[in-house]
Amino acid sequence: MSDQFSLNGKIALVTGASYGIGFAIASAFAKAGAKIIFNDINQQAVDRGLASYKEAGIEVKGYVCDVTDENAVNAMVAQIEKEIGVIDILVNNAGIIKRIPMHEMSAAEFRQVVDVDLNAPFIVSKAVIPGMIKKGHGKIINICSMMSELGRETVSAYAAAKGGLKMLTRNICSEYGQYNIQCNGIGPGYIATPQTAPLREKQADGSRHPFDSFIIAKTPAARWGTPEDLQGPAVFLASDASNFVNGHVLYVDGGILAYIGKQP
Ligand code: NAP
Ligand code: GCO
């Protein structure tokens, strides 16, 4: 049974994985036996990632690549296939958020979020699918969000992108399941990473940020998630154990989506 969860011999690309959720998922894949490749937007970020992986005792290859740049993505995938081999597992993790009231957000800002969070998963998935078809199998995992299901103030672009990413996940499933490619999503709840640091900042009087308290009350587990909470679900969706799971978004949210929230 444990062999079903092994990633031995597999080549995994995790985008935007110098730190945060991507780093945790790539680290778990390495421990499950996969060969790890990651990219980040500039050399400084890649070098930061390489140092972190080295400190964790994990051998990786890092590439500088802006996932919104189709030519750069195609060149990176071609280089990976030449230097390492055809990618078996892709995690579309790279993402940004802009927290701006919609009526104050420029179209350029909206487009920038959608470009990274939705267009880029399309671009990178399109680049790796031909190799997966030739190889006879593949796993694509899109990092969705609570905002694939819910809205909230100031995150219109992010919610639109992550909602679209849920449907892109279902469509890749629909179009490529016949080639033994499984495309699923992971929908993290509220996870303590640099992306959510502003929502957890201590107040001047040392009290919790109001949003921090809000999330604690909305989460049955009464805590923020950690990137490590996502490792098991990610290995499951990357492994043979999920070969008949396709088009699914696995919410790893401590129960937020099931819970009305603690009475104040
Ligand atoms: P993070 O701390 O902001 O890390 C995002 C990573 O993506 C960074 O390494 C960033 O690099 C990279 N990146 C951004 N734009 C890129 C681009 N154009 N090309 C290549 N790399 C790029 O975010 P996180 O919290 O780990 O989140 C990772 C994913 O999980 C995102 O898709 C996010 O939307 C999603 N998510 C997060 C949470 C949460 O609560 N944290 C919950 C649900 C979903 P730089 O730092 O160099 O820009
Ligand atoms: C926000 C947060 C969320 C999390 C995550 C929740 O501002 O509401 O950043 O969007 O990042 O996506 O699943």
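An oxygen atom of ligand 2 lies 2.7 Å from an N or O atom in the side chain of Gln-195, in a model that is predicted. Taken alone, ligand 2 exposes 330 Å², of which the protein buries 96%. The ligand is surrounded by 14 residues, and the closest are Arg-99, Ser-145, Arg-152, Tyr-158 and Gln-195. Distances from an oxygen atom of ligand 2 to an N or O atom of a side chain are set out below for Arg-152, Tyr-190 and Gln-195.

| Side chain | Ligand 2 atom | Distance to side-chain N or O |
|---|---|---|
| Arg-152 | oxygen | 2.6 Å |
| Tyr-190 | oxygen | 2.8 Å |
| Gln-195 | oxygen | 2.7 Å |

Along the principal axes, the C-alpha atoms of the protein chain fill a box of roughly 55 × 45 × 40 Å.

An open sheet of 7 strands, with parallel pairing, is arranged in the order β3-β2-β1-β4-β5-β6-β7. Strand β3 (60-64) and strand β7 (249-252) stand at the edges of this sheet, and because each has a single partner strand, one side of each is left without a neighbour in the sheet. Between neighbouring strands of the sheet the turn is 20° on average, with direction ignored.

Within the sheet, strand β5, which covers residues 138-143, pairs in the parallel sense with strand β6, which covers residues 181-188, and this pairing extends over 6 bridges.

Helix α1, formed by residues 20-31, lies across β1 (11-15), β2 (35-40), β4 (89-92), β5 and β6, and it runs at about 170° to β1. Helix α2, formed by residues 43-55, packs on the sheet, where it touches β2 and β3, and the direction of helix α2 makes about 170° with that of β3.

Technical notes: Residues numbered from 1 in each chain as written. Chains lettered and ligands numbered in written order. Predicted model: local features only at pLDDT ≥ 70, side-chain atom pairs only at ≥ 80, totals over all residues. Heavy atoms only, no water. Pairing = 2+ DSSP bridges. Helix = DSSP H or I, 4+ residues; strand = E, 2+ residues; numbered from the N terminus. Axes fitted to C-alpha atoms, helices over the stretch in contact; angles between N-to-C directions. Contact = heavy atoms within 4.5 Å. Near = heavy atom within 4 Å. Polar contact = N/O pair within 3.5 Å; in protein donor to acceptor, adjacent residues only side chain to side chain. Areas by Shrake-Rupley, 256 points an atom, 1.4 Å probe, with all protein chains shown as cover.
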